[in-house]
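Take a moment with the sequence and the fold below. Then read on, and keep the view open as you go.

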Amino acid sequence: QVQLVESGGGLVQAGGSLRLSCAASGTVFSLNTMAWHRQAPGKSRELVATILRGGSADIADSVKGRFIISRDDAKNTVYLQMNSLKTDDTAVYYCHVQANAVNGWRDYWGQGTQVTVSS
């Protein structure tokens, strides 16, 4: 069984920065695509950033130039560096990982971490 543990959320003023982490624990043989999604109150879940196993990344237009996604495969961890935060970035952030574990390839989701940006 694979578990994703997220950390790094919190309250920050507009213009500030936060770094989210998501670590996969358990018997993980390998990881494929890793991503961050977010869901603001009253809105549908939005894909924020994706990073492939080789390191190729894709960032949503709404956060391009401000957010950076990275991964450390030795630590089974994906990061989201969030800079120049805006109040519109307030949401629960979820990591999503494609992992090859005991039961084969499956999709896993983190429990979510709250990011609140104040004006």
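What follows is a short walk through a sheet, a disulfide and a loop residue.

One thing to know at the start: this model is predicted.

Begin with the sheet. Strands of a sheet pair through backbone hydrogen bonds, either parallel or antiparallel. In what order do the 4 strands of the open sheet stand? The order is 1-3-8-7, and the pairing is antiparallel. Now look at the edges. Strand 1 (2-7) holds one edge and strand 7 (67-72) holds the other. Each has a single partner strand, so one side of each is left without a neighbour in the sheet. The sheet also twists: from one strand to the next, the average is 15°.

Next, follow the pairings, strand by strand. Strand 1 and strand 3 run antiparallel and are joined by 6 bridges. Find Gln3 and look across to strand 3: Ser25 stands opposite. Strand 3 covers residues 18-26, and strand 8 covers residues 77-82. These two strands are also antiparallel, and they pair over 6 bridges. Ala23 has Thr77 of strand 8 opposite. Cys22 has Val78 of strand 8 opposite.

How many disulfides does a search of the whole structure find? The search finds 1. This disulfide joins Cys22 to Cys95, with a distance of 2.0 Å from S to S. Cys22 belongs to strand 3, while Cys95 belongs to strand 9 (residues 91-101), so the pair ties together parts that are 73 residues apart in sequence. The link of Cys22 and Cys95 is right-handed, with 45° about the S-S bond. Are these cysteines buried or exposed? Both Cys22 and Cys95 are buried.

Now leave the strands for a loop. Asp89 sits in the loop between strand 8 and strand 9. Is Asp89 buried or exposed? The relative accessible area of Asp89 is 1%. Buried means under 20%, so Asp89 counts as buried. Which residues does Asp89 touch, leaving aside those up to four places away in sequence? They are Arg38, Val63, Arg66, Phe67, Ser84, Val115 and Val117.

Start at strand 1 and cross to strand 3. Stop at Cys22 and take the disulfide to Cys95. Finish at Asp89, in the loop between strand 8 and strand 9.

Conventions
Residues are numbered from 1 along each chain as its sequence is written. This is a predicted model: local features need pLDDT of at least 70, side-chain atom pairs count only at pLDDT 80 or more; totals for chains, interfaces and linings use all residues. Side-chain values use heavy atoms; hydrogens and water are left out. Two strands pair if DSSP finds at least two bridges between them. Axes are lines fitted to C-alpha atoms, for helices over the stretch in contact, and angles run from 0 to 180 degrees between N-to-C directions. A disulfide is a pair of cysteine sulfur atoms within 2.5 Å. Buried means under 20% relative accessible area, exposed over 50%, partly exposed in between (1.4 Å probe, protein chains only). Contact means heavy atoms within 4.5 Å.
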